[in-house]
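Work through the following exercises with the sequence and the model side by side, and try each task before reading its solution.

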Amino acid sequence: MTYPIVIYGHQILRKVAEEIDKDYPNLNQFIEDLFETMYHSEGLGLAAPQVGKSIRIFVIDGKPVAEDEPSLADFKKTFINAHITEKCGDFQLMNEGCLSIPNLREEVNRESHIRIKYYDENWEFHDEVYDGYKARIIQHEYDHLDGILFVDKVSPLRKRLLKSKLAAISKGKFDAEYKTILPGQKIK
Ligand code: NI
């Protein structure tokens, strides 16, 4: 099944998500549904808080951009209880968007290298380093677990310019090809 996507302004997107343990109910089904929702809404990544669950899981599949970024062709991963333990390298500006903030893209500055510890869908532990586009997507999704959105990271000037656009989005003024949950609406 696919979940509706929670939209900017909803408080669940601002919560720090909680770790889960191995016997979290229907975990495999949830991960499958997270992927299905991501594919349906044509995202590169999706974090559990975006479907209304404040738990530390996100999924990524880089296939949609594999033509431009061949290294992402097989980059399909599930991150459970993830913790970024190091960030380093130069800051790089790159255009980002988010399924929770439809029709808006902005340049975001992020560090180029990360180290991340997490469990995968088979509950295997990993301690890995990433750079480039992969590090970019991971950082964006990971931020969702800490209640951080990419628009928080734009320059103060851009932030002022975005204010009315974000207010409109949180009122439902956007075009999205997927179901959504607006601020104030209940998560089922
Ligand atoms: Ni996002």
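**Exercise 1.** Determine whether His-144 is buried or exposed.

*Solution.* His-144 has a relative accessible area of 1% and is therefore buried, where buried means under 20% relative accessible area, exposed over 50% and partly exposed in between, with a 1.4 Å probe and protein chains only. This is a predicted model, in which local features need pLDDT of at least 70 and side-chain atom pairs count only at pLDDT 80 or more, while totals for chains, interfaces and linings use all residues. Residues are numbered from 1 along each chain as its sequence is written, and side-chain values use heavy atoms, with hydrogens and water left out.

**Exercise 2.** Identify which residues coordinate the nickel ion, and explain how His-140 and His-144 are placed in helix 2.

*Solution.* First, list the donors (N, O and S atoms within 2.8 Å of the metal, or 3.2 Å for Na, K and Ca; water is not among the atoms, so sites may look incomplete): they are Cys-98 (SG), His-140 (NE2) and His-144 (NE2), at 2.1 to 2.3 Å. Next, read their spacing in sequence, which is C-x41-H-x3-H. Finally, because His-140 and His-144 are four residues apart in helix 2 (residues 132-145), about one helical turn separates them; helices are DSSP runs of H or I with at least four residues.

How values were computed
Helices (H or I, at least four residues) and strands (E, at least two) are DSSP runs, numbered from the N terminus.
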